[in-house]
Amino acid sequence: MKAFFPTICLILLTIFTSEAQIAAPPTNEFPSISTLTSWASFNNQTQFDIAVRSVGFKFEVKEAGEESTAYTYIRKVTVNQVNYTDRIVYRITSNNSASIISLVTASTDLVTLYTPQLATFKSNKCKTEMSKDKNTTCTCYESANFAIDICDERVKLTMGDGNKYFVSVAKQ
């Protein structure tokens, strides 16, 4: 009986330790277009908060406006020993009728990642402010329910040129 209690404690410790290791957030995974459109359909920041935390983002700031409220989340990632900050913004209208998700990163080529996933979407002319910038290349897509913009912006860094990638998913 004396060995029973320590054995049970050791088993429980092993189980909880292994679960904590499994539950660690992914280092640099990005949600698929399907996931982003699903999140944009929530029209509810609480649901979005739970979903975005599952891919490693943490709440940073809330900015309230007259027509909409924006919730910004960030995560720090390291790719090839270079540190990056990824940002995702969830903007929801005051009457919960529409929402937009914007994801910005320099850590991963979002154009290459997301373009194949948009094969079933209709390509259309970009009318966003970013697409008017001569240093930005944007491709815009549309479906019956969503407008999606993917942009690659050339930015001047202290050590040379770099890319800042941007994807926006708007529920129509």
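Visitor: What percentage of the 172 residues in the protein chain is buried?
Guide: This is a predicted model, in which local features need pLDDT of at least 70, side-chain atom pairs count only at pLDDT 80 or more, and totals for chains, interfaces and linings use all residues. Residues are numbered from 1 along each chain as its sequence is written, and side-chain values use heavy atoms, with hydrogens and water left out. Buried means under 20% relative accessible area, exposed over 50%, and partly exposed in between (1.4 Å probe, protein chains only). Of the 172 residues, the buried share is 35%.

Visitor: How many aromatic pairs does a search of the whole structure find?
Guide: Rings of Phe, Tyr and Trp (its six-membered ring) pair if their centres lie within 6.5 Å; planes under 30 degrees apart count as stacked, over 60 as edge-to-face and the rest as tilted. The number found in the whole structure is 4.

Visitor: Which kind of pair do Trp 39 and Phe 48 form?
Guide: Trp 39 and Phe 48 are both buried. Their centres are 5.5 Å apart, with 90 degrees between the planes, and the pair is edge-to-face.

Visitor: Why is the pair of Phe 59 and Tyr 73 classed as it is?
Guide: The ring centres of Phe 59 and Tyr 73 are 5.5 Å apart. Their planes stand at 75 degrees, so the pair is edge-to-face.

Visitor: Is Tyr 73 buried or exposed?
Guide: Phe 59 is partly exposed, at a relative accessible area of 37%. For Tyr 73 the relative accessible area is 0%, so Tyr 73 is buried.
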